[in-house]
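Thanks for coming, everyone. I'll keep this short. Please look at the sequence and the model on the screen.

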Amino acid sequence: MTQENGELDSLVRKRIRALRVAQGWSLEELATRARVSQSTLSRIENGQRRLALDQLVVLARALDTSLDQLVETATDDVISNPTIDGSHETMRWPLKAEPGMTVVRQRMTHPAPDSPSRLRAHPGREWLVVISGTATLLLGNRRFRVETNQAAEFPTMLPHAIGAEGGPCEIIGIFDRDARRGHQRGQDAEKTGRPA
């Protein structure tokens, strides 16, 4: 076995144990879920038993992950820099593990629009968290106050808009591919003066 394979072997064993502990499961609980004996699982975690592909598949399922994630080693490109859009006071980071997903940090100074005609709807889903200040989320006919450290998640086919309440606020949003495209089209329309 090469040193690289030995490192992967050790990493996978540590990952199995870490995932089990993160779930709050004992050896016995995971062994039951994976339908392996507790002693087999203990020996796998401690390096006293060879890692077999069939057992890794079963353990990955029991740990609610994939075999790919269980044996993943790529740590290149851990750090990424944002793309900055000064006109909208945003920074964007793509999620490499989930192509199409984007993380956006935005400072908002304007309140949410008063007119229902200014709410936008488009395919996709959004998740956002307010990291400072207070935001107002308009969602269909409802109005939500989202305070610091609170999050909101919603389908973007509901007409929606967000703005600052009582002063500037900063949000971090996660957009799937469709939601990101919907917002880009809306920003492009704003620049040209066309309706979104």
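I'll take a helix pair, then one more helix, then the sheet.

First, the ground rules. This is a predicted model: local features need pLDDT of at least 70, side-chain atom pairs count only at pLDDT 80 or more, and totals for chains, interfaces and linings use all residues. Residues are numbered from 1 along each chain as its sequence is written, and side-chain values use heavy atoms, with hydrogens and water left out.

Start with α2, residues 27-34, and α3, residues 38-46. Their axes come within 8 Å and cross at roughly 110 degrees. An axis here is a line fitted to C-alpha atoms, for helices over the stretch in contact, and angles run from 0 to 180 degrees between N-to-C directions. So α2 is roughly perpendicular to α3; that label covers 65 to 115 degrees, with under 35 roughly parallel, over 145 roughly antiparallel and the rest oblique.

Which residues of α2 and α3 meet? From α2, L27, E28, L30 and A31; from α3, Q38, L41, S42 and E45. Contact means heavy atoms within 4.5 Å.

Next, α4, residues 53-62. Its buried residues are Q55, L56, L59, A60 and A62. Buried means under 20% relative accessible area, exposed over 50%, partly exposed in between, with a 1.4 Å probe and protein chains only. Seen down the axis of α4, the buried residues fall within an arc of 160 degrees, so they line one face of the helix. That arc is taken from the directions from the helix axis to the C-beta atoms. The face turned away carries the exposed residues L53, D54 and R61.

Look at Q55. Its relative accessible area is 14%. Leaving aside residues up to four places away in sequence, Q55 touches T40, I44, R49 and R50. Just after α4, D64 takes a positive phi of about 60 degrees.

Now the sheet. It is open, with six strands in the order β1-β2-β3-β9-β4-β7 and antiparallel pairing. Two strands pair if DSSP finds at least two bridges between them. What stands at the edges? β1 (83-85) and β7 (151-155), each with a single partner strand, so one side of each is left without a neighbour in the sheet. The twist averages 20 degrees from one strand to the next.

Six bridges join β4, residues 125-132, to β9, residues 169-175. V130 has I171 in β9 as its bridge partner.

Notes:
Helices (H or I, at least four residues) and strands (E, at least two) are DSSP runs, numbered from the N terminus.
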